[in-house]
Amino acid sequence: MPTYTRVFGTLSQADIADRIHALSHGGRVEVLLLGREDTLRRRLRGITDKGTEVMIALDRSEQLTDGAVLSLDPEKAIVVRMHEERWL
């Protein structure tokens, strides 16, 4: 199980967004879906939408956000997305 100790970047960064977009055409982007309360944690385990188990152990200076990229290499990427919140 891979352990991620830092956030590589975010989807709001143009260069990263372009690379993620190219990988998505080949179905090589995995999404780790988290609730808002999970993004406040520094250590957690999860399973991506494609079944990859991941462990996250971030420093206090790092924070998970919607669109945080945990991994980005030529073969695949892992991106954090947040559950949609329900409003009254």
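What is the relative accessible area of Arg41?

Guide: Happy to start there: the relative accessible area of Arg41 is 40%, which makes Arg41 partly exposed (buried is under 20%, exposed over 50% and partly exposed in between, with a 1.4 Å probe and protein chains only). A word on the source: this is a predicted model, where local features need pLDDT of at least 70, side-chain atom pairs count only at pLDDT 80 or more, and totals for chains, interfaces and linings use all residues. Residues are numbered from 1 along each chain as its sequence is written, and side-chain values use heavy atoms, leaving out hydrogens and water.

Arg41 meets Asp38 in a salt bridge, N to O 3.5 Å (a side-chain nitrogen of Lys or Arg within 4 Å of a carboxyl oxygen of Asp or Glu). The whole structure has 3 salt bridges.

Another joins Arg81 and Asp66 at 3.4 Å, N to O. This pair links distant parts of the chain, 15 residues apart, with Arg81 in strand β7 and Asp66 in the loop between β5 and β6 (strands are DSSP E runs of at least two residues, helices H or I runs of at least four, numbered from the N terminus). Arg81 is partly exposed at 33%, and Asp66 is partly exposed at 38%.

Lys76 and Glu30 also form a salt bridge, their closest N and O atoms 3.3 Å apart. Lys76 sits in the loop between β6 (68-72) and β7 (77-82) and Glu30 in β3 (29-34), so the pair ties together parts 46 residues apart in sequence. Glu30 counts as buried at 7% relative accessibility, while Lys76 is partly exposed at 26%.

Glu30 has a further partner: its side chain makes a polar contact of 2.7 Å with that of Thr52 (N or O atoms within 3.5 Å; within protein, one able to donate a hydrogen and the other to accept it, with sequence-adjacent residues counting only if both atoms are side-chain atoms). Thr52 is buried, at 18%, and lies in the loop between β4 (43-47) and β5 (53-57). Beyond its neighbours within four places in sequence, Thr52 is in contact (heavy atoms within 4.5 Å) with Glu30, Gly46, Ile47 and Lys76.

β4 and β5 run antiparallel, joined by 5 bridges (strands pair if DSSP finds at least two bridges between them). They belong to an open sheet of 3 strands, β1-β5-β4, with mixed pairing. β1 (3-4) and β4 stand at the edges with a single partner strand each, so one side of each has no neighbour in the sheet.
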